[in-house]
Amino acid sequence: LVVACGVYVAAGWYVAPVLPGGDEPHYLIITQSLLADGDLRIENNHRQRDYAPYAKGLLKPDYLRRGVDREIYSIHMPGISVLVAPAFALGGYPLVKVWLACLSALASMVAWRVAFTVVGSVAGAWFAWAATALTVPFLFLAFTVYPDGPGGALVIVALACLVLWTADTLTIEAPALLSVAGGWLFHLDRLGALFLAIISATAIP
């Protein structure tokens, strides 16, 4: 856990000059709308340039069309925005990166435990952990504000439920729910998440 968190924080610090990039500011502006206004309507947040502390230049709302109430809602799903809201409220974007790095490190720890259970070898578990936690894309998604990292972490936990828990009601329901949550809240590959949910619900007698 400590090793993974240290690696992710160090990597985030190294690439900090080019972050946030891509769609990250759009997820963060949703977070600000949730914290400041308690809603997902982002037009006023863009107009007020709430993104100025972490984004350079002009950030236009990322949307397709106005809603039936004539308000602008982002095309991006708000799962990751909700997840990072407590960290953003306490320490802004820098703390968000640390928060995500810690969550990703926890997921990598679960991956190590699953690998050890399957192979029964400490060396094998560390190899599997490194192949998962220290490779692209997981490494760079561990500290950036994209839904793929948390979505992948949910899948790791769902797989852990299948491997580590005994057959009971919770083991059948938990992996399926976690997989579907990854698909809908974090925009993970929905067909893949649904497939894993079905496997989760049918693989345990």
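1. Helices (H or I, at least four residues) and strands (E, at least two) are taken here as DSSP runs, numbered from the N terminus. On that basis, Arg 70 is found in the loop between H3 and H4. The model is a predicted one, in which local features need pLDDT of at least 70, side-chain atom pairs count only at pLDDT 80 or more, and totals for chains, interfaces and linings use all residues. Residues are numbered from 1 along each chain as its sequence is written, and side-chain values use heavy atoms, with hydrogens and water left out.

2. Overall composition. The protein contains nine helices and zero strands, and its pattern along the sequence reads α-α-α-α-α-α-α-α-α. Of the 205 residues, 42% are buried. A residue is called buried at under 20% relative accessible area, exposed at over 50%, and partly exposed in between (1.4 Å probe, protein chains only).

3. Arg 70 has a positive phi of about 70° although it is not a glycine, and with 57% relative accessibility it is exposed. Arg 49 also lies in the loop between H3 and H4. Its phi is positive as well, at about 55°, and it too is not a glycine; at 39% relative accessibility, Arg 49 counts as partly exposed. For context, most residues other than glycine have a negative phi, and most peptide bonds are trans.

4. Cis peptide bonds. The bond from Leu 19 to Pro 20 is cis, with omega near -5°. Pro 20 sits in the loop between H1 and helix H2 (24–37). A cis bond also runs from Val 136 to Pro 137, with omega near 10°; Pro 137 is placed in the loop between H5 and helix H6 (138–141).

5. Salt bridges. The structure holds two, a salt bridge being a side-chain nitrogen of Lys or Arg within 4 Å of a carboxyl oxygen of Asp or Glu. Side chains of opposite charge can pair when their charged atoms come close. Arg 66 is joined to Glu 43, with 3.0 Å between the closest N and O atoms. This pair links distant parts of the chain, 23 residues apart: Arg 66 is in the loop between helix H3 (43–47) and H4, and Glu 43 is in helix H3. Both partners are partly exposed, Arg 66 at a relative accessible area of 28% and Glu 43 at 24%. A salt bridge also brings together the side chains of Arg 41 and Asp 39, at 3.2 Å from N to O. Here Arg 41 is partly exposed at 32% relative accessibility, whereas Asp 39 is buried at 15%.

6. Packing of H4 against H5. How do the axes of these helices cross? The axes of helix H4 (residues 79–119) and helix H5 (residues 122–133) come within 8 Å and cross at roughly 140°. H4 is therefore oblique to H5. Angles under 35 degrees count as roughly parallel, over 145 as roughly antiparallel, 65 to 115 as roughly perpendicular and the rest as oblique. The axes are lines fitted to C-alpha atoms, for helices over the stretch in contact, with angles from 0 to 180 degrees between N-to-C directions.

7. Leu 134, in the loop between H5 and H6, is partly exposed at 35% relative accessibility. Leu 134 and Tyr 8 are 126 residues apart in sequence, yet their C-alpha atoms are 8.8 Å apart in space. Val 145 belongs to the loop between H6 and helix H7 (148–164) and is buried, at 0% relative accessibility. Between Val 145 and Ser 81 there are 64 residues of sequence separation and 8.2 Å from C-alpha to C-alpha.
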